[in-house]
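Please load the model below in your viewer and keep the selection panel at hand. The tour goes stop by stop, with something to select at each one.

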Amino acid sequence: MGIRSSSHCFMRFAVQVMVFLCVPAAALADTAARSLSPTNIFAPVSTPAHSIMGLSLFVLAVTAGIFAIVFSLLVYCVVKFGKPADDDGREPPQVYGSNQVELAWTVIPVLIVVVLFLATARVIASIQKAAQPRNAIQVIAIGHQFWWEYRYPGLQVVTANELHIPVSDPANPTPTFITLLSADTDHSFWVPRLGGKTDLIPNHPNSMWVDPQLTGLYVGQCAQFCGTQHAKMLLRVYVQSRQEFDHWIAQQSQPAQTSSTVSEGQRIFESTACINCHAVSGTLANGRFGPDLTHLMSRETIASGAAPNTPENLRLWILNPDSIKPGSKMPAMGLSDHQLDAVTAYLATLH
């Protein structure tokens, strides 16, 4: 009874797989594109992601075909050559040395592997050897334990954790080329709807590019285990219209805007170890170990996407970083409640 039940379940699973694979790839992509998930691998919005999904569906179709043929032959053999009622238990005649069979199961797998290899090599080459137009956006992404630093060398902008790039019109492509560096250990940059995983290796620069054709927020994360808070080393990519992107760049290029009403908080910030790690343009703070805070409040999240960027969360983050991100590299500063309120009020003005 148990064997029959298991066989029945397996048959149902096999039928479901084959039905799924019979759905046209275009229909599958169209359905997935309507999904609201920002990490849906079946809803690519960038050329590299489209190429990877196309290759994945091709490999899936080939392997599904192999599965269907082998499974069908297996079922045929079980039904056709099952134990007959008059079986006397003797071993049937053995057949050896069929050159045709040996040749078939050697040549066919080799041809399948060659086809898959060539298809994969073509996609890899098309992505890695893409020409870089003059109007391409240049970004340097640096992986830290456990946050992301983004530098726009041609635009004189430095930010953290939230990457902003312009949408790429197919009629006038504006791709974004990203140089990937690591400040400490191995990381991996992965935003499923924009492209494949690309590793960040210490002392070994790597690169990738994306050309998203739809505006919106696309979410990913570090895909290489890099320590305690690897799972909360999140990625947020904001794809904006060219006008919105230019406005964001202009805003991020400005020095920090502060108010005299928070001068006490600024004085406390600049007289503690905060400035050893963080930078705020136009002030004494010029640290490089932690995120640049010049426009901290223009970001929607803190702690690399671990919590919404609200004054309450910001105060808690300064008071006890481990309460939001256990194992993070930011230490608790040991400030009094009054000092904590003053520093939080100061940082809340950094738009």
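**Before you start**

This is a predicted model, in which local features need pLDDT of at least 70 and side-chain atom pairs count only at pLDDT 80 or more, while totals for chains, interfaces and linings use all residues. Residues are numbered from 1 along each chain as its sequence is written, and side-chain values use heavy atoms, with hydrogens and water left out.

**Stop 1: the cavity**

Select W147, E149, R151, V158, T159, A160, A279, G287, R288, G290, P291 and D292, which line the largest cavity. On a 1 Å grid over the protein atoms alone, a cavity is a set of points where a 1.4 Å probe fits but cannot get out, and lining residues have an atom within 4 Å of a point. The volume here is about 70 Å³, where a volume is the space filled by probe spheres set on the points, and grid points are joined across faces, edges and corners.

Now colour strands β2 (147-152) and β3 (157-160): each supplies at least two residues of this lining. Strands are DSSP runs of E with at least two residues, and helices are runs of H or I with at least four, numbered from the N terminus. The domain bounds come from an automatic or database domain assignment.

**Stop 2: salt bridges**

Stay with two of the lining residues: E149 forms a salt bridge with R151, the closest N and O atoms being 2.7 Å apart. A salt bridge is a side-chain nitrogen of Lys or Arg within 4 Å of a carboxyl oxygen of Asp or Glu. E149 is buried at 7% relative accessible area, and R151 is partly exposed at 24%. Buried means under 20%, exposed over 50% and partly exposed in between, with a 1.4 Å probe and protein chains only.

Next, select E300 and R236, whose side chains meet in a salt bridge (3.2 Å, N to O). This pair links distant parts of the chain, with E300 in the loop between α7 (274-277) and β11 (301-302) and R236 in strand β10 (residues 234-240), 64 residues apart.

Then pick R315 and D337, a salt bridge with its closest N and O atoms 3.8 Å apart. R315 sits in helix α8 (residues 311-319) and D337 in helix α9 (residues 337-347), so the pair ties together parts 22 residues apart in sequence.

**Stop 3: the largest pocket**

A pocket is an open set of grid points with protein on both sides within 12 Å along at least five of seven lines. The largest pocket holds about 670 Å³ of space. Centre the view on H278, G290, P291, W317 and M330, the closest to its centre of the 35 residues that line it. Helix α8 gives the largest share of the lining, 3 residues. Each of domain 1 (137-252) and domain 2 (260-347) contributes at least three residues to the lining of the largest pocket.

**Stop 4: the second largest pocket**

Finally, find the second largest pocket, of about 450 Å³. Of its 19 lining residues, I127, Q128, T198, S207 and M208 are the closest to its centre. Colour α3 (47-80), α4 (99-128), β5 (176-182) and β8 (206-210), each of which supplies at least two residues of the lining.
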